[in-house]
Amino acid sequence: MQSEGKRCSLFSVKAFVVFSVFILLTIPSIVLAGGNAVNGEKVVKTRKIGNCIACHYVPGLEFPGDIGPNLVDAMKGFTPKDRDTVRQWVWDARKFNPDTIMPPFGPKKILTKQQVDDVVAYLYTLKKYKK
């Protein structure tokens, strides 16, 4: 029969392992959810940074682009569970469409990882708009 001390120690080790696995599995979603929508809007709407407005419609602009999809409409099909997919579209849309004219913002270092996360956070705010 195990002593009370050994049983508590074994329980602590098991609890630590379970907690560690949980944290390792959830960190990517926590990090991705860490974007700042206000900063993302600036990236999207600033021609010298993201320049998304050259091709896409977003609310609040006088002359939005119309070559690419309307981002309000595009976001209607995505849920918070799709955040990784939305991020991949922004990071490098060639994964979904090798012939896209959308720049590979991540691989070409046009945007930083944080800027991409910020853009994704902003894109999720577009779900409140109706066009």
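Hi everyone, let's start with the fold: the chain has five helices and zero strands, where helices (H or I, at least four residues) and strands (E, at least two) are DSSP runs numbered from the N terminus. Read along the sequence, that gives α-α-α-α-α. Two notes on the source. This is a predicted model, so local features need pLDDT of at least 70 and side-chain atom pairs count only at pLDDT 80 or more, while totals for chains, interfaces and linings use all residues. Residues are numbered from 1 along each chain as its sequence is written, and side-chain values use heavy atoms, with hydrogens and water left out.

Now the overall picture. Of the 131 residues in the chain, 28% are buried; buried means under 20% relative accessible area, exposed over 50%, and partly exposed in between, with a 1.4 Å probe and protein chains only. The chain exposes about 9000 Å², and carbon and sulfur atoms supply 62% of that area, by the Shrake-Rupley method with a 1.4 Å probe, where for residues only the protein chains shown count as cover. As for contacts (heavy atoms within 4.5 Å), among those between residues at least 6 apart in sequence, 53% join residues at least 24 apart.

On to the core. The largest nonpolar core has 20 residues; such a core is a set of buried Ala, Val, Leu, Ile, Met, Phe, Trp, Tyr and Cys residues joined through side-chain atoms within 4.5 Å. Val44, Val58, Val86, Val119, Leu123 and Leu126 have the most contacts inside this core. Helices α2 (37-45), α3 (71-75), α4 and α5 each supply at least two of its residues, and the largest share, six residues, comes from α5. Take leucine 123: leaving out residues up to four places away in sequence, leucine 123 touches Leu71, Met75, Val86 and Val90.

Next, the charges. Side chains of opposite charge can pair when their charged atoms come close. A salt bridge here is a side-chain nitrogen of Lys or Arg within 4 Å of a carboxyl oxygen of Asp or Glu, and the count comes to four. One of them joins arginine 87 and aspartate 117, at 2.6 Å from N to O. This pair links distant parts of the chain, with arginine 87 in helix α4 (residues 83-91) and aspartate 117 in helix α5, 30 residues apart. Both ends are buried: arginine 87 at 15% relative accessibility and aspartate 117 at 5%.

Another bridge pairs aspartate 92 with arginine 94, their closest N and O atoms being 2.8 Å apart. Here aspartate 92 is buried at 12%, whereas arginine 94 is partly exposed at 37%. Lysine 76 and aspartate 73 also meet in a salt bridge, at 3.4 Å; lysine 76 is partly exposed at 47%, and so is aspartate 73 at 39%.

So which side chain of opposite charge is nearest to aspartate 118? It is arginine 83, 9.0 Å away, and aspartate 118 is buried yet has no salt bridge; Lys and Arg count as positive and Asp and Glu as negative, with His and the chain ends not counted. Aspartate 118 sits in helix α5 (residues 113-125). Beyond its neighbours within four places in sequence, aspartate 118 is in contact with Gly35, Asn36, Ala37, Asn39 and Gly40.

Last, the cysteines. The structure holds zero disulfides, a disulfide being a pair of cysteine sulfur atoms within 2.5 Å. For cysteine 52, the nearest cysteine sulfur is that of cysteine 55, 8.6 Å away, which is too far for a bond. Cysteine 52 is buried at 13%, while cysteine 55 is partly exposed at 26%. Thanks, everyone!
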